[in-house]
Amino acid sequence: MTPLVLAHLGATWFMTGLIWLVQVVQYPLFARVGPEAFPAYHAGHTSLITFVVGPAMLVEAATAGWLLLALGAGPRGWVWWVGAGLVGVIWLSTALLQVPAHAALSAGFDPDVHTRLVHTNWIRTVAWTARAGLLTWWLVRA
């Protein structure tokens, strides 16, 4: 197994575990912070989570593109096309749904925006879980 594949698997599995933690624990707890403390809490969350999420998402996207170019035309090449498509879904969801929700929440807690954030984050949770399953299937078959 090449270092490229290992980096890709590691980034994907890391993000899969992290997104489940965010979906099941972190985002629901936003509602319990309280209106006065929420802006500072949310600012801390967004700045700190970026240092954890940013590098892993960049590694995952870069290695997905590289593996698509290297293996996309080969046997089981569809795995890399589907995987890259799921990376696209994740990045689009992040940019179009989660980032705007976080921007709105930076002004203060809004129950409707919070609910929208939790509900739309399932897109990323399912996509990362599907990626992890797909890559695991590929690994077992390789």
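These legends describe close-up views of a predicted model.

In this predicted model, local features need pLDDT of at least 70 and side-chain atom pairs count only at pLDDT 80 or more, whereas totals for chains, interfaces and linings use all residues. Residues are numbered from 1 along each chain as its sequence is written, and side-chain values use heavy atoms, with hydrogens and water left out.

**View 1. The protein chain has four helices and zero strands.** Helices (H or I, at least four residues) and strands (E, at least two) are DSSP runs, numbered from the N terminus. Along the sequence the pattern reads α-α-α-α. Along the principal axes, the C-alpha atoms of the protein chain fill a box of roughly 55 × 25 × 20 Å.

**View 2. Helix H1 covers residues 3-29.** H1 has 27 residues and reaches 37 Å from its first C-alpha to its last, close to the 39 Å expected at 1.5 Å a residue. The expected span is 1.5 Å times one less than the number of residues in the helix. At Val22, H1 bends by about 45°; a bend is the angle between axes fitted to the seven residues ending at a residue and the seven starting there.

**View 3. Helix H2 (residues 38-71) crosses helix H3 (residues 77-105) at roughly 160°.** The axes of H2 and H3 come within 10 Å. Axes are lines fitted to C-alpha atoms, for helices over the stretch in contact, and angles run from 0 to 180 degrees between N-to-C directions. The crossing angle makes H2 roughly antiparallel to H3 (angles under 35 degrees count as roughly parallel, over 145 as roughly antiparallel, 65 to 115 as roughly perpendicular and the rest as oblique).

**View 4. Residues of H2 meet residues of H3.** Contact means heavy atoms within 4.5 Å. Phe38, His42 and Met57 are among the H2 residues in this contact, and the H3 residues include Trp80, Trp81 and Ile90. By class, the contact of H2 with H3 has 15 nonpolar, six polar and one charged residues (Ala, Val, Leu, Ile, Met, Phe, Trp, Tyr, Cys and Pro count as nonpolar, Asp, Glu, Lys and Arg as charged, and the others, Gly among them, as polar).

**View 5. H3 bends by about 40° at Thr94.** The 29 residues of H3 should span 42 Å at 1.5 Å a residue, and the end C-alpha atoms of H3 are 41 Å apart, which agrees.

**View 6. H3 packs with helix H4 (residues 111-141) at about 160°.** The axes of H3 and H4 are 9 Å apart. This angle makes H3 roughly antiparallel to H4. The contact of H3 with H4 divides into 23 nonpolar, eight polar and two charged residues.
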